[in-house]
Amino acid sequence: MRALQPVRGTQDLLPEVARRHRRVVETARSAAELYGFAEMATPIFEFTEVFARPIGEHSDIVAKEMYTFDDRGGEELTLRPENTAGVVRALISNGLTQSVPLKFFYSGPMFRYERPQKGRFRQFHQIGVELIGVAQPQADIEVITLGSRILDALGIGDRVELELNTLGDPESRADYRQALIAYFSARISELSEDSRRRLERNPLRIFDSKEAADQRVARDAPSFADYLSPESHNFFDQVRTGLDRLGIRHRVNHRLVRGLDYYTHTAFEFVTTDLGAQGTVLGGGRYDGLVELMGGPALPGVGWAAGIERLALLIAHPPLPPRPVALVPIGAAGEIAALKLAEDLRDHSLPVDLSYSGNLGRRLRRADRIGAFAAILLGDDELARGAATLRDLVTGTQSEVPLAELTTRLRMLAAERAAAS
Ligand code: ATP
Ligand code: MG
């Protein structure tokens, strides 16, 4: 049998990386709670229609990146490529649309058939928030501020920049679309094949192209700023003023568009130059038409999602878990006593690593390798006296300790070691 490999674009999260992911998720979850966002989860697969129309039949995600399959009952299903559509589906199917405003936080795996590279995978993980039912710019300001707070709490606030754009209301967008079609049609020979397709369907998307030729042409394209309705202008100004008041620095980038069709008004990304080509760590925007498009009432919404892998690459080493106690039985009586003693210590919140086999030297080497701060040697003679040997693995000193005092002694030692490190 050939050696088993993970599927291209997927990866195992070994403990060091898993710890980084957990740090990202826990930091985000605590910050989201400060803003009143409640955690929720939707299924990892949905009927394909949940994603296809909302994200846009001609978006890259729907056209080329979805993991779509028929299940054994003949249902057409898709592994979620993002979570906003799933959250909106959930709020409609659970009859929550009367209870707005609603604020949700989520985290979990997403799936896109993309070309794997640093910071880009086929199974990746996102954290995200959705604020549904608020049409005012305060909502945009709050979700952006929450994103900014999370990046600060992760210690990477000064390594990212916030870029901001408005995609206007549907009327402004229709006018701008016409202007773009006229502009890009005149220079169609310079566009990539993908962008020629985009020109027919959604010319705005050409700005999202990663091809150098497309980007060259896009540089001189008409600016959305010239096509915005006064209302759209005003909305954007309010968002910007609100961010200014909170001291959240941002840069307007009129070329910023998002890869999904459902955005209106505010679009934003926090980007870094520290990750090569995959510089966007967090992106989102307002999606006022989405709930209605999915069969619910006309409810506005705004939210964002951030890539956990990319954030995990940027953060400093997360703190290590507390160091354990190694429990080392020597002989038959020790083996019998060890499991029970380990439980007693865990009852007092002391992490315990039970050494299962091998001679004393081997067991102590393992205790060192896992970073144990102390070892308890359970010899038959000591046990007969109701005692065990406690060895401080940092100083190497050891002494016999009555079993009844073991917990207290270990907790004192653990506290000392924690203070010293
Ligand atoms: P990109 O321009 O990098 O393809 P996107 O616009 O497709 O990103 P969104 O759909 O807005 O990304 O998802 C939000 C965030 O999720 C991104 O900013 C990124 O951090 C992360 N992300 C998206 N796709 C991937 C992927 N294939 N692998 C890892 N992270 C991803
Ligand atoms: Mg993408």
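Mentor: Happy to! Let's start with glutamate 231, which counts as exposed because its relative accessible area is 55%, and the cut-off for that word is over 50%. Please keep in mind that we are looking at a predicted model. Glutamate 231 belongs to helix H9, which covers residues 230-245. Now find glycine 168, which sits 63 residues away from glutamate 231 along the chain.

Side chains of opposite charge can pair when their charged atoms come close.

Begin with helix H1, residues 15-34, where glutamate 16 and arginine 20 both lie. They are 4 residues apart, about one turn of the helix. The two form a salt bridge, with 3.1 Å between the closest N and O atoms. What about their surroundings? Glutamate 16 is called partly exposed because its relative accessible area is 33%, whereas arginine 20, at 13%, counts as buried.

Next, look at arginine 187 and glutamate 190, whose side chains meet in a salt bridge of 2.9 Å, N to O. Arginine 187 has a relative accessible area of 23%, so it is partly exposed. Glutamate 190 has 37%, so it too is partly exposed. Elsewhere, salt bridges that share partners link Asp60, Lys64, Asp194, Arg197 and Arg198 into one network.

One more pair leads us to the ligand. Glutamate 114 and arginine 120 form a salt bridge, with their closest N and O atoms 2.9 Å apart, and both residues are buried. Glutamate 114 and arginine 120 are also among the residues closest to ligand 1, along with Arg112, Phe121 and Arg258.

In total, 15 residues surround ligand 1. Sorted by class, this shell has 6 charged, 5 nonpolar and 4 polar residues. Three strands each supply at least two of the shell's residues: S6 (123-132), S10 (280-286) and S11 (301-307). The largest share, 3 residues, comes from S10.

From lysine 210, a polar side-chain atom lies 3.1 Å from an oxygen of ligand 1. Threonine 280 uses its backbone instead, with an N or O atom 2.9 Å from a ligand oxygen. Glycine 307 also has a backbone N or O atom by a ligand oxygen, at 3.2 Å. Taken alone, ligand 1 would expose 580 Å², and the protein buries 93% of that.

Phenylalanine 69 is in strand S3, residues 67-70, and is called partly exposed because its relative accessibility is 34%.

Threonine 48 is in helix H2, residues 48-55. With a relative accessible area of 9%, threonine 48 is buried. A polar atom of its side chain lies 3.4 Å from the backbone oxygen of leucine 77.

Finally, let's check the backbone itself. The peptide bond from valine 100 to proline 101 is cis, with omega near 0°. Proline 101 sits in the loop between helix H4 (84-93) and strand S5 (102-111).

Two residues other than glycine have a positive phi that you can look up: histidine 265, near 50°, and serine 349, near 65°. Where do they sit? Histidine 265 is in strand S9, residues 264-271, while serine 349 is in the loop between helix H12 (332-347) and strand S13 (352-354). Are they buried or exposed? Histidine 265 is buried because its relative accessibility is 11%, and serine 349 is exposed because its value is 63%. Serine 349 therefore falls in the exposed class, like glutamate 231, where we began.

Notes
Residues numbered from 1 in each chain as written. Chains lettered and ligands numbered in written order. Predicted model: local features only at pLDDT ≥ 70, side-chain atom pairs only at ≥ 80, totals over all residues. Heavy atoms only, no water. Near = heavy atom within 4 Å. Polar contact = N/O pair within 3.5 Å; in protein donor to acceptor, adjacent residues only side chain to side chain. Areas by Shrake-Rupley, 256 points an atom, 1.4 Å probe, with all protein chains shown as cover. Nonpolar A, V, L, I, M, F, W, Y, C, P; charged D, E, K, R; others polar. Buried < 20%, exposed > 50% of the residue type's maximum accessible area, 1.4 Å probe, protein only. Salt bridge = Lys/Arg side-chain N within 4 Å of Asp/Glu carboxyl O.
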